[in-house]
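Please examine the charged side chains of the structure shown below, together with their surroundings.

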Amino acid sequence: MSKLRARLLGVLVLLTGFVTAAGVQPAAAAPLPDSLWFDASAAAALTVEDGRFTDGLGREVVLRGYNVSGETKLDENGGLPFASVADARKSATALRALGGGNSVRFLLSWARAEPVRGQVDTAYLAAATAQLGAFLDAGIRVYPDFHQDLYSRHLFNTGSWYTGDGAPKWAVDAGDYPQESCGICLFWGQNITQNEAVKQASHDFWHNAHGLQDAFLTTAQATMTYIRQHLTTEQFAGVAGFDPYNEPHAGSYDSGQTSRTWERDVLWPFHVRFRARMDAAGWQAKPAFVEPNLFWNANIDFQKQEGGLLDVGTLGSRYVFNTHFYDQKAISGVFMWGKAADGQYVTDFGKIRDRASATGTTAVVSEFGHPLTGSVSDKAPTVLKAMYQALDSRQPGSTWWSNPAASGPVLSGSQWQWDIYNGRHHEFMNGNPDKLRTTGDAWNDEDLSAVRLDDSGTAVLRQDARLLDRVYPSATAGTAVAFTYEDRSRDGSTTLTWNPVPSTLPSVSQLVGSGQYSLLVWRSDGTSTPTELHLPASFPTSSTTVVSDLGATAAPPSYTRTTPIAVAPEPGGTGSRRLLLTAPGTAAPHYALVTNGATAPSTALLAAARAELASWAAAKFA
């Protein structure tokens, strides 16, 4: 889709709303609080163009946020992420204001959507849609996910060491599966390849035994239709797409079949079928966020299986290459003894960029994270810093300034996870009254949530705010050429600095000092629509300095259409803020350094830093 068509689509959706064969949406609502003149048109569409997400004005979009949430796996709130819409609103506000997110992967349960075969539970869909809407109303884009792990909790008996989620009980009852057992398993994920009940049930699903896949697709279509019909036009525009199936795996391979041929002959046809159901449900303009074999990019050699949708040809604008990444070496406690370091994952995330490029689409890392308690939790600050670094650029900090042109596209990603009930659960594992789970995420001993509620019911972060609430280019009017962010996040009492300003730029180094900084280089599309960067809470306007070819300013002014460097609230009324950069011309690349390290910098220092950056940009992006 051309940028002109994207803009026209945005305006068309804004003015008229979608009308499809499946029904008519509710009436249009008022613009989100804190919206500016361009925001409604920008939010009216999200498409894939030239290997990038683009909004209704053709700007390049980066989605950053969290999974909401592992609570869906539990029984305590009926397979919903929240106990109430009020809690969903509280979570959404905190995710935007504390966590810096502009998007969420929103978990749904097949077991709850179709508890009786052939009967969709509209009460569940109504509650899920209302909770989903709370995030849309906060200006947060959403892509739902029919989640599963280990196929279904109903494979596991009350005395099991592990549990699952996903398929309904009737789907398990349809198969004659053996009593589940993982043998000697240290991690719940080993059930995927070692538990015969999980393996056989997964195999049955992928081969449509007992009509299981047909039933799932029918429920998925009904779910998508319901969501579309019960959101306003503006809300539905904020739905980015749909993730058909979490972490797909064959269960077991047929004779002569490999992981690669399974992707080509079994998994990909499923994604095509799901895409057709999206179209039938009125989601024609939204991409499917399709996942490859979950082991395609495992970083432990004996776990890795060949894949990555190598044989499906061009995905194009109707699909997104959607994958996960966890450092299993670090999680194991055996295969990586130390902590992560600068550039730890740039190769791993570079492969994700390359696979997306090879398939003609964009990528999203829809899960990444690390345990926050337990024997390997000491690695979490460095592992997460290295993962965010690799999302921002395929260059380590040690070489970014010398070779920024190799930075690559900024990746979208959703950290696992954002569960406000962390540490306050009341879950009877597999329905066993003697196995009450309250701590952590209350699921298979996981504890990865970035947030919790304190005793007053207020959402608070469980990780360093410097790490989570980040500067990133949320919308670029043109094309991002290079980006880096030095968050100065902490590992205990140690501040981690992996990308210091080089000594060859002394004025820039003096300006940044010990503060956080980002640097974006982009080529403008020449329009009057601004480029946006999310401003973390650690960048109050009074402490924010911007040095750019557009100008140099400390404490940028409020946005007007004639102000090239300005600040404004982000739409949604959550209190989060953005930096807006309006760049004329399409010839030379633009640059903008944003830092909170300077206190009342002098005019001379700003001018010197600007001269250094201009010379650097001319040399690196000639």
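Asp 455 is exposed, with a relative accessible area of 75%; buried denotes under 20% relative accessible area, exposed over 50%, and partly exposed the range in between (1.4 Å probe, protein chains only). This is a predicted model, in which local features need pLDDT of at least 70 and side-chain atom pairs count only at pLDDT 80 or more, while totals for chains, interfaces and linings use all residues. Residues are numbered from 1 along each chain as its sequence is written, and side-chain values use heavy atoms, with hydrogens and water left out.

Asp 455 forms a salt bridge with Arg 424, and the closest N and O atoms of the pair are 2.6 Å apart. A salt bridge here is a side-chain nitrogen of Lys or Arg within 4 Å of a carboxyl oxygen of Asp or Glu. The pair links distant parts of the chain, 31 residues apart: Asp 455 lies in the loop between β15 (451-453) and β16 (459-461), and Arg 424 in the loop between β12 (412-415) and β13 (427-428). Helices (H or I, at least four residues) and strands (E, at least two) are DSSP runs, numbered from the N terminus. Arg 424 counts as partly exposed, at 43% relative accessibility.

Side chains of opposite charge can pair when their charged atoms come close. In total, the structure holds 31 salt bridges. One of them joins Arg 112 to Asp 75, with the closest N and O atoms 2.2 Å apart. Here Arg 112 belongs to helix α4 (residues 110-113), whereas Asp 75 is in the loop between β6 (64-68) and α3 (85-97), 37 residues apart. Arg 112 is partly exposed at 29% relative accessibility, and Asp 75 is partly exposed with a relative accessible area of 39%.

Lys 385 is in helix α14 (residues 380-392) and Glu 486 in strand β18 (residues 478-486), 101 residues apart. Lys 385 is buried, with a relative accessible area of 3%, and Glu 486 counts as buried at 2% relative accessibility. Salt bridges that share partners join Lys 385 and Glu 486 with Arg 64, Asp 392, Arg 470 and Asp 487 into one network.

Phe 302, in the loop between β9 (288-290) and β10 (319-325), is exposed, with a relative accessible area of 64%.
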